[in-house]
Structures are given as C-alpha cells and as structure tokens.
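Good morning, and thank you for the time. Please look at the model on the screen while I go through a few of its features.

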Amino acid sequence: MDPIPEENNYMSSLYNTGMFQRQEEAEDTNPQSLKSFKGHRERITRIEFNPNLKQLITTGNDAVVHVWNYKKNSRPYVFDAHKGAINALSVNPSGNLIATGSSDKTIRIWNNSMEGFNKALKSHTGPVRDLCFSCDGQLLLSCSDDKTLRMWNITENKFLATIAAHKNWVRTCHMSPDSTVLISGSDDTTIKLWDSTTCEEMACLTDHTGMINSIRFHPDGSCIASGATDNTIKIWDARSQRLLQHYDAHGKAVNSINFHPSGNYLISTSQDATVKIWDLRQGSILYTLYAHDGTTSAAAFSTYGNYFATGGQDTNIQIWKSNLESNNPEYIEFFEDSVMKETKVINTNTDQAPNLEGKEDHKVIEGDLSKAPHIEIGENQKPVPEAEPEEKTLLEYEEVPEAFRKTLDKMVFQLDLVGKTVGALEKRLNYSENKMTEVLEYFKNIDNDGNFRDIESAAVIDNSEIVSKLSPDRIKKLIDFNERDEARVKVRPNEEVDDDFMRETNKFTTIPQRKF
C-alpha cells in the first residue's frame with residue numbers, strides 16, 4: 001500500500017471510533033474450498049448470494065441466469081430470456097426478485113421461482129452494465145453504455161429519472177445504504193456522486209488513470225471502494241471525498257470488488273487470474289487465491305460473510321468458507337458436507353508478494369492445481385493442516401454408487417463437448433450463408449452476355465473493390481463454377497487480355513472453398 005500519512009491517520013481514527021471493529025483474536029485458518037458448480041458455457045460475469053441463505057445466483061456471457069439451490073439432489077433454475085451477454089445482476093433484500101441487465105439493452109426483473117416469470121424494462125439505448133437494488137428493495141439503479149444512470153421504482157412499476165452522468169460509457173454504479181447518494185464509474189476515468197432526490201452531481205473523483213470497472217459503498221455508507229483498469233483499488237471517504245487508501249492491487253486490470261459484510265475486508269478479481277482478499281484495518285493483502293484458469297471476473301461474500309464465491313473465464317463457480325470474522329453463525333449444510341480436502345500445504349518464501357509497507361514475509365500455500373486452489377497468505381496467517389486427498393465430483397449423492405456417479409460425470413462432460421461443437425458448426429453455417437448471399441448479389445448484376453448492368457454495383461462484394469476501378473470494355477467475361485465451387489474467368493474468343501488484367505480479375509472472381 002502506498003503511504004498516505006494523513007489519510008491513514010484518519011483511517012485509524014475511524015477504527016478507534018468503532019467505524020471498523022477490530023477482532024484481535026481472529027481465526028488463524030485459511031479459506032477452504034467447499035464446492036464447485038459448473039453450468040455456464042461462457043465467462044461468469046456476476047455472482048450474488050440470495051439473502052435467504054438458500055440460493056446462489058450467477059450470470060454469464062452465455063445470456064443465461066442460473067439459480068443454484070443448496071438443497072441436495074435439486075437442479076438449478078435456468079432463465080434464458082435475454083438475447084445478449086448478461087453484464088449486471090442484483091437481488092432484492094427479500095430474495096424473491098432478481099434483476100439482470102444485458103447487452104441486448106434490456107433489464108429484466110425475474111420472479112425467483114421455477115417458472116421464472118419476468119418483465120422487461122426497455123429504456124436504455126446501450127448495453128446495461130450494472131444494477132443495484134436499494135436496501136429497502138423499492139428502488140433499482142442501472143447504468144449503461146448510453147452514458148446515463150436510470151432509476152426505477154420497482155414496487156410501483158414506475159420509471160423515476162435519467163441522469164446524463166458521464167462523457168463515456170458508464171460501467172458501474174451503486175447506491176448508499178440509506179439510498180440518498182448514488183455513485184457511478186465510467187470509461188472517462190471519473191467517479192461521480194449524485195443526490196438521489198435532485199439527481200444533481202455532488203462530487204467528481206479523478207484520481208484513477210484507467211477506466212472504472214467496479215465501485216461499491218461500504219456497508220455503513222462511510223466509504224467508497226473503486227477498482228479500475230489502472231490495476232489499482234482506492235478507498236475514499238464518502239463525506240469528504242478524501243482518498244483514504246491506495247493499493248497497487250493486481251498485475252492487470254481490476255474487474256470487480258466487493259466488501260465483506262463487516263466492512264473490514266475487501267475481495268477483488270482481476271485479469272491477472274487471481275482473487276485477492278484485503279484487510280482494510282491493516283491496509284494490507286490477506287490472501288491471494290489462484291483458483292481459476294484465466295481471468296477472474298466475479299466474487300461475492302454471503303449475507304454474513306462466512307462464505308464467498310468466485311467465478312471467471314473458465315466458467316467454474318467456486319464456493320469457499322471464508323474463516324473471517326462474522327456477526328452471525330451462518331451455516332450452509334450443503335456446502336459443509338462437501339468440503340474438498342485435496343489441498344497440500346507447503347510453506348515457502350516467494351517473490352510474488354505485492355510490495356506492501358511492513359509486509360516483507362509472504363507465505364505460499366501450494367497444491368495440485370488440477371484438484372485444489374493455490375493460495376498465498378499474509379504474514380499473520382497460519383496454513384491449514386495437510387490432509388489426505390479425497391476424490392469428489394459435482395454429483396455428490398450418498399445413495400448413488402461410485403461407478404454410476406463417474407459415468408454421469410463423463411456423460412455431462414460429453415454433453416458439454418457436443419454443445420461446443422454445435423456452436424462451432426452454427427458459426428460456420430452462418431459464414432457460408434453470408435458468402436452465398438454475397439455471390440447471389442454479385443450475379444444479379446450480370447446480364448446474359450456477361451456484362452455488368454451497372455459498373456458501380458460490382459462494389460457490392462467486399463473482395464471486389466478492384467472491379468470498380470476497371471473500364472467496362474475490359475471486364476466483359478463469363479463466370480462459371482467448376483466442381484470444386486471455385487470461380488474462374490472465361491474470356492471471350494478473339495479477345496486480347498493481358499496477363500496483368502488476368503491477375504487483377506482473379507483477385508475478385510476467386511471465391512475460396514471452405515472445408516467443414
């Protein structure tokens with residue numbers, strides 16, 4: 001953490017006044033990987049725990065919402081009304097409504113039930129990037145690539161206001177716990193605070209040098225956290241707009257951030273494929289998790305912070321027991337009964353530790369990455385005991401025989417491969433259809449004698465710009481197709497055509513044959 005003396009002193013005063021509660025005797029155990037879910041076909045974009053402690057909701061670039069039920073033997077609800085990637089997700093405080101925002105420019109409000117009834121809110125003129133329910137569940141805030149914030153009253157089914165917020169795309173937004181202040185972050189590198197009643201700008205924060213990907217209010221509304229493509233995380237005072245803490249957080253862009261319910265910790269994801277947990281009281285990194293292949297894009301704590309979930313480019317959703325402080329003995333039996341025990345622990349020194357003030361020792365937990373996550377831990381943390389490997393699958397039903405479970409896992413894997421193959425074939429068919437359309441348009445402009453009716457119309461085909469540069473008397477030709485669907489030029493008898501002309505015409509008359 002970069003030294004900011006005044007702000008750090010101010011942060012200490014916040015701790016002393018009880019804004020952040022210290023826990024001197026925290027549990028000396030690391031995050032435990034409990035469970036994996038796999039159902040999305042493309043990158044995970046958002047993760048939220050249902051406040052009712054019974055479900056996990058996820059969205060992805062595959063335009064699908066998955067509602068995972070913790071009860072054993074239960075299948076997830078799958079909602080698929082969107083026509084584009086889902087970029088935004090928010091769950092109301094009672095857990096019965098789910099709001100999603102998509103690249104199809106719509107917001108959908110779903111009934112959290114098997115039927116998945118939903119209504120669409122169509123107001124934005126660009127992809128919807130972020131959503132936030134108010135703490136009472138009555139208001140919904142949205143932001144979009146159309147550079148605006150929009151606010152809705154969900155209980156009265158009424159649109160409230162539009163705020164022309166930024167000069168560039170608005171990627172993230174959030175609402176204070178008392179719903180009086182709105183914040184927005186944009187590709188123009190600024191963060192703005194707004195009065196939710198008057199919709200007037202209250203402040204503009206300009207310390208970031210990259211696009212703002214994620215902003216969140218502290219659970220008590222006193223602070224604001226932001227993560228950006230400049231690889232940094234910043235903590236601001238919400239009242240004075242002073243910068244309190246600055247972290248050179250990741251090796252690449254920060255994709256998302258979220259506060260722990262206690263307000264003492266922050267979790268972040270990044271394009272550098274790591275998930276990090278930060279201790280805001282000490283101003284230092286607590287854990288670095290290597291749990292995913294490729295970019296990590298979503299992470300969220302459960303209602304009381306006993307658990308957290310992570311997801312990313314590999315489409316895998318990982319559930320963890322946080323072992324951080326909690327104000328409630330939250331316990332989800334489904335997760336606890338399926339603890340993965342493959343982690344092998346080795347304490348070493350490493351040069352991968354961030355350059356944090358007063359944190360020279362940085363220990364590493366390494367393991368077989370094909371089975372267990374790789375975790376880096378801070379100086380004051382102790383590793384978990386070494387445990388014997390134990391094979392686990394996604395279908396952990398005690399009453400199902402081991403051989404049958406393995407067979408089902410193989411079937412699921414094969415079905416996933418079939419789905420990907422069908423997707424590839426679809427893309428190829430679309431490519432062929434587009435090419436055939438271009439060829440038909442080309443032939444519509446040739447008469448029976450092989451002459452172009454209108455020389456300018458030859459420019460319809462993308463690869464035939466050369467035709468528009470030739471004179472009409474030099475392009476009289478007949479085109480036929482050989483058995484390999486390869487176009488060739490047939491020159492009229494007694495017509496003298498030089499070699500340069502033949503080379504030029506071959507450029508636009510040859511249509512490549514595509515093999516499937």
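Which residue takes a positive phi in the hairpin of strand 15 and strand 16? It is Thr 189, with a phi near 75°, and that hairpin has four residues between its strands. Strands here are DSSP runs of E of at least two residues, and helices are runs of H or I of at least four, both numbered from the N terminus.

Before going further, a word on the source. This is a predicted model, in which local features need pLDDT of at least 70 and side-chain atom pairs count only at pLDDT 80 or more, whereas totals for chains, interfaces and linings use all residues. Residues are numbered from 1 along each chain as its sequence is written, and side-chain values use heavy atoms, with hydrogens and water left out.

Let me stay with strand 15. Strand 15 and strand 16 (residues 191–195) run antiparallel and are joined by five bridges; two strands pair if DSSP finds at least two bridges between them. In this pairing Val 181 stands opposite Asp 195. Strand 15 also pairs with strand 14, again in the antiparallel sense and over five bridges, and there Ser 186 is the bridge partner of Val 170. Strands 14 and 15 form a hairpin with five residues between them, and Ser 179 in the turn has a positive phi of about 65°.

Is strand 15 buried or exposed? Six of the six residues of strand 15 (181–186) are buried, so the strand is largely enclosed by the rest of the structure. Buried means under 20% relative accessible area, exposed over 50%, and partly exposed in between, with a 1.4 Å probe and protein chains only. In a regular strand, side chains alternate between the two faces of the sheet. Here Val 181, Ile 183 and Gly 185 point one way, while Leu 182, Ser 184 and Ser 186 point the other.

Residues 163–195 are 0% helix and 58% strand, with end C-alpha atoms 11 Å apart. For residues 79–111 the values are 0% helix, 55% strand and 10 Å.

I turn now to salt bridges, each a side-chain nitrogen of Lys or Arg within 4 Å of a carboxyl oxygen of Asp or Glu. How many does the structure hold? There are seven salt bridges. One joins Asp 130 and Arg 216 at 3.4 Å, N to O. This pair links distant parts of the chain, with Asp 130 in strand 10 and Arg 216 in strand 18, 86 residues apart. Asp 130 is buried, at 1% relative accessible area, and Arg 216 also counts as buried, at 13%. Another salt bridge joins Arg 150 to Asp 146, with the closest N and O atoms 3.5 Å apart. Arg 150 is buried at 12% relative accessibility, and Asp 146 is buried at 16%. Glu 156 and Lys 158 also meet in a salt bridge, at 3.2 Å; Lys 158 counts as partly exposed, at 42% relative accessibility.

Thank you; I am glad to take questions.
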